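Here is a guided walk through a protein model. Keep the sequence and the coordinates open while reading.

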Amino acid sequence: MKVALITLYVLFLFFPAKSYSQDNFLASGDSILSKLRAPNSESEVMNTIRILSDVYGPRLMGTPNYYNAIQWSSGLLESWGVDDIRLHSFDQGHIGWTTESFSIRMIEPSISQLSVYPQAYSKSTNGLHSGDIIIASSLTEVFDMEGQLSGKVLLMDNNYSPSTNMKIPFSSRLSKEQLGFAQENEDANDLRIGYHSRRSINTAIQNQTERRERLNAFFRFCEKEGVLAIIESSDYPYGILHADGNRNTPSYMRRSQERPIASFVMSNEHFGRLKRLYENGHNPKLEVSLSSTIYDNPEYNVNLIAEIKGTDPVLKDEVVIVGAHLDSWHAGTGAVDNASGSAVMMEAIRLIKVSGLKPKRTIRLILWGGEEQIFAGSLGYVEDKVGSISTGEVKALHSNVSAYLNLDNGAGRIRGLYMMGNDSARVVLNELLLPFPSDNTLTIQYANQTDHELFDRLNIPAFQFIQDPLDYISAVHHTNIDSYEYVPEDDAEFNSLYVAYLAYQLATIDKLLPRKPFNSPKPSLEGNTEFFLQGYENAKNVTLVGNFNNWDMWGLPLTKVDGGWMNRIELKPGSYYYKFIVDDMWTADPSTPQEELTKDGKGHGGLTIKTVED
């Protein structure tokens, strides 16, 4: 029995999910699809992923690897005959960082090499140093250790949770039931599939910036006290190192920012061993070294743009944008996140180009830099070309973008689209994707934490692709095993065809995709219906949310006025449910008596009814 169970477990780990052939799932009668499939028998996508990861990985923003990947990709696109290849600078004092060498080993009570990876942008140790460990469970506790830290290696225990054999990396595909559940979703904020809950992109960027500023004092204190290095535990099992700057040591990626002292992520198991030794009086001593290099070259901080020019005299100035981020974190080679997405988008452009199809609108490919560093590349482009995500003021390109398609949820097969609350686009997208019956799930749900959010904030129809999860979050995401081995070839080739087909169709239909009726960072002050929130004079942001805007939590901001906050919007006669969001907190209208607050029967409570007369 044990042998049978072990055999099943090994098969589960090494053959976790069926690899599907696209021929089993695609309708064959579509002429456009047939033209795109013709050159697909000699797909370039896996070779592109191999070069981007094996040769140029890792590709941390601002490094020679990243810039060389941009240059190589540019040359490849040119060899395919793609039009108008150019670079777009997003430089705002961004820097790059690489390691030259590093090591941590325990030298007492016994000798043992420890599994670690440095955190990006941290300082060198200037040679090999040894010191006892000391453990702290919070930042506050570290400050309380003043005078006790000189020559010590500081283990931060605040995010440590010991791994067990119940935490098994696994790979999975989305089931028909899961996809159906997502498609039936009526609330865009309801997380039914995917990884990330709803959030405001403006707040997310602000919080990341403030987090770095808050931690400045911590790193200054550690350096002043003479701490040799900081170590935190990986939150992945089986020796996987999760190094992405999202816990104790964020990435300080601008030349104007301070750099933290030498900081490492350690395998969960080795961290646990050190902690047990320390707590049982064995006093472990470590040898630590880190040699790193900073690159301060504005030329490296660029996005890559390439186009297939539209052929219609009227529509050629309108664009369909397909994009993915080319940068990666530094512990792996960035094959899954996100050489796979970048290569798929490049291959989609190649398929359209070599098929001979002539889109009416321009199809624009953009490979972003710095997505992992608070969306540096896409934010720079959007603010430069589309508009301000803070004020809502728009620029020339804003009205000419039909759609933005983004690929950045691992290397799994595309199963449809997150529509980001834009239910008005459902009919069009359903019709365009008819040749993909098994992979045409359209969920109104939001997906976030990648570049399309910036376009969505300015009410560009911007969509993230639904993808089979495989082992993206369970094992690969931002870790040292993000490598070529975990990119399924069938999925990459299918995804290239899917993106090529959808992008071409969007660039050929008569009209631009519909936009959400209410979605802007700029408060609306015109319309037949006024909403007013009394008080809350100390609030930073207030928005209106209701069934008239698909419960878009940040699409209808209010402006501060005497006595409270207000906006005006245009509504057709009828009755509507609404509520407010005050500093990201759902808030009932305080002017409505408690006994009159109601529910909509779809999960929303504490609502006020607004009636608009003829």
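A residue counts as buried when its relative accessible area is under 20%, as exposed when it is over 50%, and as partly exposed in between. By that cut-off Phe455 is buried, because its relative accessible area is 0%. The model is predicted.

Stay with Phe455. The ring of Phe455 pairs with that of Trp368, and the centres lie 6.1 Å apart. The planes meet at 50°, so this pair is tilted. Trp368 is buried too, at a relative accessible area of 0%. The pair links distant parts of the chain. Trp368 sits in strand S12 (residues 362-368), Phe455 in helix H12 (residues 452-457), and 87 residues separate them.

A second ring pair joins Phe436 and Phe494. This one is edge-to-face, with 6.0 Å from centre to centre and 80° between the planes. Here, too, distant parts of the chain are linked, 58 residues apart. Phe436 belongs to the loop between helix H11 (426-432) and strand S15 (441-443), while Phe494 belongs to helix H14. Phe436 is buried, with a relative accessible area of 0%. Phe494 counts as buried at 0% relative accessibility.

Across the whole structure, a search finds 25 aromatic pairs. Ring pairs also build a cluster from Phe518, Phe531, Phe548, Tyr576, Tyr578 and Phe580.

Helix H14 leads on to a helix contact. The axes of H3 (residues 45-55) and H14 (residues 489-506) come within 9 Å and cross at roughly 110°. The two helices are therefore roughly perpendicular to each other. Which residues of H3 and H14 meet? From H3 come Val45, Met46 and Ile49; from H14 come Glu489, Ala492, Glu493 and Ser496. By class, this contact has 4 nonpolar, 1 polar and 2 charged residues.

Now turn to the sheet. Its 8 strands form an open sheet with mixed pairing, in the order S3-S2-S9-S5-S6-S7-S8-S4. Strands S3 (112-113) and S4 (116-118) stand at the edges. Each has a single partner strand, so one side of each is left without a neighbour in the sheet.

Strand S5 (residues 129-136) runs parallel to S6, joined by 4 bridges. Ala136 has Met156 as its bridge partner in S6. On the other pairing, S6 and S7 (residues 229-233) also pair in the parallel sense, over 4 bridges. Val153 stands opposite Ala229 in S7, and Leu154 has Ile230 as its bridge partner there. Are the faces of S6 covered or open? Both are covered: Val153 and Leu155 on one side, Leu154 and Met156 on the other, are all buried.

Finally, look at the backbone. Most residues other than glycine have a negative phi, and most peptide bonds are trans. Four places here depart from that pattern. The peptide bond from Gly57 to Pro58 is cis, with omega near -5°. Pro58 lies in the loop between H3 and helix H4 (64-79). Glu108 and Pro109 are likewise joined by a cis peptide bond, with omega about 5°. Pro109 lies in the loop between strand S2 (96-108) and S3.

Asp84 is not a glycine, yet its phi is positive, about 45°. Asp84 lies in strand S1 (residues 83-89) and counts as partly exposed at 37% relative accessibility. Tyr536 also has a positive phi, about 55°. Tyr536 is placed in the loop between strand S17 (529-534) and strand S18 (542-546). At a relative accessible area of 34%, Tyr536 is partly exposed.

Notes: Residues are numbered from 1 along each chain as its sequence is written. This is a predicted model: local features need pLDDT of at least 70, side-chain atom pairs count only at pLDDT 80 or more; totals for chains, interfaces and linings use all residues. Side-chain values use heavy atoms; hydrogens and water are left out. Axes are lines fitted to C-alpha atoms, for helices over the stretch in contact, and angles run from 0 to 180 degrees between N-to-C directions. Angles under 35 degrees count as roughly parallel, over 145 as roughly antiparallel, 65 to 115 as roughly perpendicular and the rest as oblique. Contact means heavy atoms within 4.5 Å. Ala, Val, Leu, Ile, Met, Phe, Trp, Tyr, Cys and Pro count as nonpolar, Asp, Glu, Lys and Arg as charged, and the others, Gly among them, as polar. Two strands pair if DSSP finds at least two bridges between them. Rings of Phe, Tyr and Trp (its six-membered ring) pair if their centres lie within 6.5 Å; planes under 30 degrees apart count as stacked, over 60 as edge-to-face and the rest as tilted. Buried means under 20% relative accessible area, exposed over 50%, partly exposed in between (1.4 Å probe, protein chains only).
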